[in-house]
Amino acid sequence: MKFEVTILGSSSATPIFSRNPTSQVLNINERLLMIDCGEGTQQQMLRYGIKYHKIEHIFISHLHGDHFFGLVGLISSMNLNGRKRPLHLFGPEKLMDILNIQFEHSDTHIDFPIAFKAIKPGSAELIFETNDFTVETIPLNHRIPCSGFIFKEKQRLRKVLKDKVAALEIPANYIPLLKKGIDFTDKNGKVHKAMDLTIEADEPKAYAYCSDTVCDWTYINHIYHVDTLYHEATFMHDMVERAKATFHTTCQEAGEVAKKVGAKKLLIGHFSARYRDLSPLLIEARSVFPETYLANEGETFVI
């Protein structure tokens, strides 16, 4: 099953040095989910070939503008392009008030349903579920209420051993039963164990998105052993006091979090405008957690 994330924006408060404010698109088995929608997200979607109509779910972490100022424009463009299918939107309670007042005063009429679910900052809860995956919130500590998100694959059924199944001429309609562990009895009455005709499916994977937060360690219980961790890393560690004052994290701290939770891979982003060259930030994070990568715009990372 495809499970990958494409970075659309990696800057913090302002667009600078060809970096745009935060936005990502997660592809889970060809279902596209947007995480945050900073200014310029539409242009990035056009640049990297992501179609408006394929976005069905958008998750907004908090109400600082660099995480949602692109949303009203994106919804308007979806409307102008004739969208009729519902858009599922998850975010802080006041998000819909902000959108509605903009639509009202611009006399904009949205011709498709927006199914909004208010998330509860400060708590961890299941907010969305399909047959393939779940989405839960991560309580973070920022200047205003803020949530992260963790996307978890569900355990899939066992995989059949095609050669063995073909040799026994097992009917195609029996394959789902094998995957569920139900033995097969052939025409001679011999029982063939489902466990001998199948193997375990791949281990389910998880992607954690830790948006703006001070590194206070209160949230790490929610992200242990994720395959890929995205963590904001606004400053280098020589500015740790500035990071604390603004409720942000340093590159070193992001590396420490990844190491502590046993992540397999760390992506860092939300870079301060003070850094034109990002290589020192990567070096700092890798000094603690070697499997660290810059969340560079346009790059796609396999979870």
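In the predicted model, the protein chain is made up of nine helices and 18 strands, and its C-alpha trace spans about 75 × 50 × 35 Å along the principal axes. Of the 303 residues in the chain, 52% are buried. The chain carries 35 positive and 37 negative charges, the mean positions of which lie 5 Å apart.

Helix 2 (71-80) is largely enclosed by the rest of the structure, because eight of its 10 residues are buried. The buried residues in question are Leu-71, Val-72, Leu-74, Ile-75, Ser-76, Ser-77, Met-78 and Asn-79, and they pack against strand 3 (31-37), helix 1 (41-47), strand 4 (55-59), strand 5, helix 3 and strand 6. Helix 2 is followed by Gly-82, for which phi is positive, near 85°.

In helix 3 (residues 95-105), the buried residues are Leu-95, Met-96, Leu-99 and Phe-103. These residues lie on the same side of helix 3, because they cover an arc of only 90° around the axis. The elements that cover them include helix 2, strand 5 (87-91) and strand 6 (114-118), whereas the face of helix 3 turned away from the buried side carries the exposed residues Glu-104 and His-105. Just after helix 3, Asp-107 adopts a positive phi of about 50°.

With a disulfide taken as a pair of cysteine sulfur atoms within 2.5 Å, the count of disulfides comes to zero. For Cys-37, the closest cysteine sulfur is that of Cys-146, and the separation of 16 Å is too far for a bond. Cys-215 likewise takes part in no disulfide, the nearest cysteine sulfur being that of Cys-210, 9.8 Å away.

Key:
Residues are numbered from 1 along each chain as its sequence is written. This is a predicted model: local features need pLDDT of at least 70, side-chain atom pairs count only at pLDDT 80 or more; totals for chains, interfaces and linings use all residues. Side-chain values use heavy atoms; hydrogens and water are left out. Helices (H or I, at least four residues) and strands (E, at least two) are DSSP runs, numbered from the N terminus. Buried means under 20% relative accessible area, exposed over 50%, partly exposed in between (1.4 Å probe, protein chains only). Lys and Arg count as positive and Asp and Glu as negative; His and the chain ends are not counted. The place of a charge is taken as NZ of Lys, CZ of Arg, CG of Asp or CD of Glu. The arc is that of the directions from the helix axis to the C-beta atoms. Contact means heavy atoms within 4.5 Å.
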